[in-house]
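The sequence and the structure are shown first.

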Amino acid sequence: SMNLLSPVYPQASWFFPELGSVLDATGGQYEGFHYLGLGTLLLIGLALLLEGRRLPAHVRGAWIFVATLAVLTLVALSHKIYAGDWLLVDFGVYPKILRQFRSSGRFFLPVAYTLLFVSLAVVARRLPARWCVPVMILAAGLQWMDLTNLRAYVRGHAATARELPAPAGEWQAMQD
């Protein structure tokens with residue numbers, strides 16, 4: 001599942017290394033790791049400021065899409081919603097239909113990408129060109145620096161990865 005704070009809590013952040021690594025209240029929330037990164041959070045905040053009073057009208061105009069994103073977020077949070085280590089809500093039994101999905105935390109990916117792309121579009125549309133380019137460069141630089149530790153982790157993990165459990169010939173035979 002995804003931790004409620006996962007998108008905004010600077011997990012494994014280069015800027016905030018003292019805050020620690022991945023939020024994992026259940027022992028399996030690493031699958032729901034969704035820290036958006038400082039650059040993306042900057043763009044989201046700026047987009048919210050720039051849209052201001054127009055935001056409710058946009059939400060009303062795309063209510064089905066927004067409702068779909070809300071449902072995806074709820075599925076990602078699962079039946080036990082944690083904020084950090086605190087259990088906020090326990091809905092009891094996990095719905096049988098959702099047990100078909102191995103890692104519900106991944107359902108937040110479309111929401112994260114939507115937040116990024118909508119924020120990029122709003123900033124590009126609302127800011128004058130002389131400000132837009134520097135803001136985009138700043139956001140990209142912040143994002144790159146903030147995710148330095150994660151890139152190093154992935155590089156290290158890939159360098160020590162073992163071979164696939166089945167020989168390549170068996171994988172190729174399965175494709176035929």
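The sections below treat the basis of the model, the overall fold, the surface and selected residues.

## Basis of the model

The model is predicted, so that local features need pLDDT of at least 70 and side-chain atom pairs count only at pLDDT 80 or more, while totals for chains, interfaces and linings use all residues. Residues are numbered from 1 along each chain as its sequence is written, and side-chain values use heavy atoms, with hydrogens and water left out.

## Overall fold

The chain contains 7 helices and 2 strands; helices (H or I, at least four residues) and strands (E, at least two) are DSSP runs numbered from the N terminus. Read from the N terminus, the order of elements is α-α-α-β-β-α-α-α-α.

The chain has 176 residues, of which 31% count as buried. Buried denotes under 20% relative accessible area, exposed over 50%, and partly exposed the range in between (1.4 Å probe, protein chains only). Among contacts (heavy atoms within 4.5 Å) with a separation of 6 or more, 69% link residues 24 or more positions apart.

## Surface

The accessible surface amounts to about 11600 Å², and carbon and sulfur atoms account for 69% of this area. Accessible areas come from the Shrake-Rupley method with a 1.4 Å probe; for residues, only the protein chains shown count as cover.

Leu4, Trp86, Leu88, Val89 and Phe91 form a nonpolar surface patch of about 550 Å². Patches consist of residues with over 30% relative accessible area and no salt bridge, in which like charges are joined within 9 Å and nonpolar side chains (Val, Leu, Ile, Met, Phe, Trp, Tyr) within 5 Å. A salt bridge is a side-chain nitrogen of Lys or Arg within 4 Å of a carboxyl oxygen of Asp or Glu. Valine 89 belongs to strand β2 (residues 86-90) and counts as partly exposed because its relative accessibility is 31%.

## A buried helix residue

Threonine 114 is part of helix α4 (residues 109-126). Its relative accessibility is 17%, and threonine 114 therefore counts as buried. Apart from neighbours within four places in sequence, threonine 114 contacts Phe65, Leu69 and Ser119.

## Residues with positive phi

Alanine 12, a residue other than glycine, has a positive phi near 55 degrees. Alanine 12 lies in the segment before α1 (38-51) and is buried, at a relative accessible area of 16%.

Serine 78, also not a glycine, has a positive phi of about 75 degrees. Serine 78 sits in the loop between α3 (63-77) and β1 (80-83), and with a relative accessible area of 14% serine 78 is buried.
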